[in-house]
Amino acid sequence: MTTPPSTPKKLFIKTYGCQMNVYDSQRMAEAMGSEGYVLTENQAEADMVLLNTCHIREKAAEKLYSDLGRLKPLKAERPDLKIGVAGCVAQAEGAEIQRRMPLVDLVVGPQAYHRLPAMVRKGGGIDTEFPAEDKFEHLPKPAATRRAPAAFLTVQEGCDKFCAFCVVPYTRGAEVSRPVARILAEARDLVGRGVREITLLGQNVNGWHGEGPEGREWGFGRLIRAIAEIDGLDRIRYTTSHPNDMADDLIAAHRDEPKLMPYLHLPVQSGSDRILKAMNRKHTVETYLRLIERIREARPDIMLTSDFIVGFPGETDDDHRATLDLVARVNFGTAFSFKYSPRPGTPAYERPEVESDIADARLQELQALLTSQQKAAQQSMVGRELGVLFEKPGRNPGQMVGKSDYLHAVFVEAPQARVGDLVRVRITHSAPNSLAGELAA
Ligand code: SAH
Ligand code: SF4
Ligand code: F3S
């Protein structure tokens, strides 16, 4: 153990990409806490700047370099400022980052960041290994500070599915499931620190299959039921799921487990079997639709969301229309859609691309349809009474913002309420990306 210095050093973290990076940033901040660093929101006063990066699309990855460019004057002014790059670009590009940007002191991959404190003590370095040890077990224990009412908990990492467009199997490595005992211990610790909602994270979270306390393997549905037994925990969510890993027991948990929220993000990527095959998705439109049917039988009010890629190599107008058709048939609560971005090292990288203008037009058309579905889904909440967990005060005095059961942001006049209250709210109004409501009697 090192003794923290008397004046704490300041750490600024910028997080790009998915929720898993948000979780990792929190863990890195806690790890650096034992080195005497406290978080700052102000980059200009930081002793260390850590960029936790995303490699999923070219634009995401290039953001790192524009941000590093903007850090040059600060580093010139204060050469002792430490600059670190973590996350998936760190993993994918490693030493290349320092070659392109010599102001970077350290590069640490997503599976090696338990070694971050030691790297900082040494003054820098590069570590993009996939160590055999579990990083979570080697992170310094964080101080038992209070946490926000909603928290992430990573239960599974990595991916063995190798979709033809995707960098994740390379940046995050092979699929690993954390054991039940460690997940339950972390969940209980979070609840002990004021957390009432936990979102279980994994690149293929529903493919989680970890070791149970008796040494036998558990499935994800069983894990959810065990977490639901924690007193003081009110809500459970999980993301991101793969359609091929939606086991019967998990679907049943959506029917039986009241703490499991009625919301499911289930990426489908395309509505054309030809494209799904080229993407190596290993499911068809029909199996996806049948799965949705079964999920809705188990939990009729569930809100479904998804991810789509338009302009994947070989995509024709007919394929695109098939995607629009799938969207029309499912009716999503909201969804993310992306223009295909060729990623070095992935199987689809060298394939001939769809013309950029055509892909742009398809993206617009798909987004218009998804936006209209989102609007309708939000409108259908008006008049209903929903649970809302308050996460922070709103902009106006006396106002609170929280998340509904369906993950919509909800603004409520509630002058007596506190962050962390879980209340019943009657929804009165739907705005483009949020709802408004009043406390139910
Ligand atoms: N593990 C999750 C998603 C991980 S990435 C899953 O399997 O669904 C999040 C989303 O980014 C993907 O669902 C996909 O829609 C999108 N994406 C991934 N690679 C992409 C690429 N090369 N170009 C455009 N979008 C991409
Ligand atoms: Fe990427 Fe496919 Fe794995 Fe999801 S399932 S992380 S899209 S390779
Ligand atoms: Fe991006 Fe890595 Fe997440 S590539 S989406 S930060 S797993």
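Where in the chain does Phe162 lie? Phe162 sits in the loop between strand S8 (156–157) and helix H7 (168–171), helices (H or I, at least four residues) and strands (E, at least two) being DSSP runs numbered from the N terminus. This is a predicted model, in which local features need pLDDT of at least 70, side-chain atom pairs count only at pLDDT 80 or more, and totals for chains, interfaces and linings use all residues. Residues are numbered from 1 along each chain as its sequence is written, chains are lettered from A and ligands numbered from 1 in the order in which they are written, and side-chain values use heavy atoms, with hydrogens and water left out.

**Nonpolar cores**

- A nonpolar core is a set of buried Ala, Val, Leu, Ile, Met, Phe, Trp, Tyr and Cys residues joined through side-chain atoms within 4.5 Å. Buried means under 20% relative accessible area, exposed over 50%, and partly exposed in between (1.4 Å probe, protein chains only).
- The largest nonpolar core has 66 residues, and Leu200, Phe220 and Tyr238 have the most contacts inside it. Helix H12 (residues 285–298) gives the most to this core, with seven residues.
- A second, separate core has 23 residues, including Leu64, Leu81, Ile83 and Val107.
- Leaving aside neighbours within four places in sequence, Tyr238 is in contact (heavy atoms within 4.5 Å) with residues including Leu200, Phe220, Met246, His254 and Leu264.

**Helix H13**

- Helix H13 (residues 317–330) has 14 residues and reaches 20 Å from its first C-alpha to its last. That is close to the 20 Å expected, the expected span being 1.5 Å times one less than the number of residues.
- Asp319, His320, Thr323, Leu324, Leu326, Val327 and Val330 are the buried residues of H13. Seen down the axis of H13, they fall within an arc of 155°, so they line one face of the helix; the arc is that of the directions from the helix axis to the C-beta atoms.
- The buried residues of H13 pack against helix H11 (273–278), H12, strand S13 (303–310) and helix H14 (356–379).
- Asp318, Arg321 and Arg329, on the other side of H13, are exposed.
- Asn331 follows H13 and has a positive phi, near 65°.

**Ligand surroundings**

- Around ligand 3 (a heavy atom within 4 Å) are Cys18, Asn21, Thr53, Cys54, His55, Ile56, Cys88, Arg172 and Gln203. This shell divides into four nonpolar, four polar and one charged.
- The residues around ligand 2 include Cys159, Phe162, Cys163, Cys166, His242 and Arg281. Its shell divides into seven nonpolar, two polar and two charged.
- In these counts Ala, Val, Leu, Ile, Met, Phe, Trp, Tyr, Cys and Pro are nonpolar, Asp, Glu, Lys and Arg are charged, and the others, Gly among them, are polar.

**Backbone geometry**

- Most residues other than glycine have a negative phi, and most peptide bonds are trans.
- Phe162 is not a glycine, yet has a positive phi of about 55°. Phe162 is partly exposed, with a relative accessible area of 35%.
- Gln269, also not a glycine, has a positive phi of about 75°. Gln269 lies in the loop between strand S12 (263–265) and H11 and is buried, with a relative accessible area of 8%.
- Thr239 and Thr240 are joined by a cis peptide bond, with omega about 0°. Thr240 is in the loop between strand S11 (235–239) and helix H10 (248–256).
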